[in-house]
Amino acid sequence: MAQFMPLADAVAQNLGSGDTAAFEGFTHLIPHASAHEAIRQGVKDLTLVRMTPDVIYDQLIGIGAVRKLIFSYAGNPGVGLLRRLRDSVENGWPHRIELEEHSHAAMANAYEAGAAGLPFAVFRGYKGAELARVNLNIRSVTCPFTGEELAAVPAIRPDVTFIHAQKADRKGNVLIEGIVGVQKEAVLAARRSVVTVEEIVDDLASHPNACVLPHWTVTAIAVVPGGAHPSYAHGYYPRDNASYIAWDSIAADRDTFLAWMKQHVLDARPEDFASRTRHLRSAA
Amino acid sequence: MSEVDFTPDEMMTIAAARALSNDDVCFVGIGAPSAACNVARLTHAPDITLIYESGTIGTAPSVLPLSIGDGELSDTAVTTVSVPEMFRYWLQGGRVTIGFLGAAQIDRFGNINTTVIGDYDSPKTRLPGGGGAPEIASSCGEIFITLKQSKRAMVDRIDFVTSFGHGEGGNHRGRLGLDTKGPTLMVTDLAVWKADPESREFTVVSLHPGVSRDMVQATCGWPVRFATALTETPRPTGIELSTLRDLNARTKAAHSGGDKDGEAA
């Protein structure tokens, strides 16, 4: 049953050191505010799951909160590589994280299997691809009907999934619109879920087939306007592409990164996200 | 010089765009493939279906997206589906005719590496990884590739097989049970290459205007094969060039906005 609470409480009650956590969002509705709150609370040894780890995972890795990353594409989309991730993998700074690497098809199927309560996902994939050599969780099964050999990967079952959504109604039913990514599956696959929203409304006014998470599938809801910035919230504010481009140079140097994190994350609050998106909203 | 001047990059994008047809369903990679696919849509293939892996089907962006999930893609799409549905029903379901990919590292058989430079466990450079590409490479009807030539990118042996092309060549795909065509076309800033029907090795079939065989070989890490009937790539038309330049100008203007005070994230 969804409970409304401040973001700090939602994170404190649902995320602990050593947890397996997914902060999902496929380029859209990325839960930046929740990731920043997790960093402020100093959680450690996380196993992070995400199809497309980008800036927030670069930040979590660079600050030293991560033990292992399960992923399929780690980049700053359209800009380049993740420099904090690279520093960890290539140079062991601040420490070397463990990687479990998949393809998008595998991760999407694995989330869906988690949501469906299945132990593993089956799909046609990884043919000839070398990832199976370095990831022992990529295996195969034989179709009992046709004999076709198919790829199999374990279901993803996070301890907690964090997502950002456009709105919730007063009962806590959550509406996601636009590029919905894998968020519904990631919430249903997780034991607990925390949703930040742009606003609370009386009526979601949604289409019958809209992507709605009923209130009883969500653990906690926090209202954080702008909480996806510099990602975007369809209908509220556009993607701040200039900030993604700027991240490349911020993350390029350890000291610059740490100074930026102190100013914009450690010494900041969830309420700051509203002002970061104010100038973008006219363009939404 | 010529009546219309153009850069090698422009020639690459336009030659790649020409390979697409109006009834294609194309799974679009970000970067150079995205530019080519949208130039095709804005010129000779107005009804082409462009799919981005973020779930947008039949999208028609007025500016090129920076990421594969910019809001513009969803705003202009026929429909936007979830990512699991995208990979299960649409890609795995065999509904995509062309997968259009870029490459960090590629070999003569169209095997692509976007995972690591160096050893996997202690890489010299950790690249983003495969994303959708491993299954795009196996599930699409055929694969087109576009990249700028360099000895760093076009190598004798790639460091990691992220996406399987033709493996060791010949019928390697068939032996793995893959019934799709795999890489058939590669467009670079210097030439158009096609996979040989027997060996499957990429072979230069046309040189872009002003490009010599030596220039192609000097920027490629394997001994280049040239078709016996080698031709010259037709130069860009005025409409192709103005379409591409307008698209790039709109894109640049759209992506340069945002925060000025460094509040990046």
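These legends go with close-up views of a predicted model. Local features are kept where pLDDT is at least 70, side-chain atom pairs count only at pLDDT 80 or more, and totals for chains, interfaces and linings use all residues. Residues are numbered from 1 along each chain as its sequence is written, while chains are lettered from A and ligands numbered from 1 in the order in which they are written.

**View 1. Helix H1 of chain B sits inside the structure.**
Helices (H or I, at least four residues) and strands (E, at least two) are DSSP runs, numbered from the N terminus. H1(B) covers residues 8-18, and nine of its 11 residues are buried, so the rest of the structure largely encloses this helix. Buried here means that 20 or more other C-beta atoms, placed from the backbone, lie within 10 Å of a residue's own. Look for B:Met11, B:Met12 and B:Ile14 among the buried residues, along with B:Glu10 and B:Arg18. The cover over them includes H2, E10, E11, strand E12 (191-195) and H8 of chain B.

**View 2. Strand E10 of chain B has partners to pair with.**
E10(B) runs over residues 142-146, and four of its five residues are buried. Strands pair if DSSP finds at least two bridges between them. Strand E5 (residues 98-101) of chain B pairs with E10(B) in the parallel sense over four bridges, and B:Leu101 stands opposite B:Ile145. E10(B) also pairs with strand E11 (residues 183-187) of chain B, again parallel and over four bridges; here B:Thr146 stands opposite B:Val187.

**View 3. Helices H2 and H8 of chain B cross each other.**
The axes (lines fitted to C-alpha atoms over the stretch in contact, with angles from 0 to 180 degrees between N-to-C directions) of H2(B), residues 32-42, and H8(B), residues 238-255, come within 10 Å and cross at roughly 125 degrees. That makes H2(B) oblique to H8(B), the word for angles left over once under 35 degrees (roughly parallel), over 145 (roughly antiparallel) and 65 to 115 (roughly perpendicular) are taken out. B:Asn38, B:Val39 and B:Leu42 in H2(B) meet B:Glu240, B:Thr243, B:Leu244 and B:Leu247 in H8(B).

**View 4. Chain A meets chain B.**
Here 58 residues of chain A are in contact with 50 residues of chain B, contact meaning C-beta atoms, placed from the backbone, within 7 Å. On the chain A side, H4 (83-91), H5 (104-115), H6 (131-134), H7 (183-189) and H8 (241-250) each supply at least two residues. H8(A) gives the most, with seven residues.

Note on methods
Contact = placed C-beta atoms within 7 Å. Buried ≥ 20, exposed ≤ 12 C-beta atoms within 10 Å, placed from the backbone.
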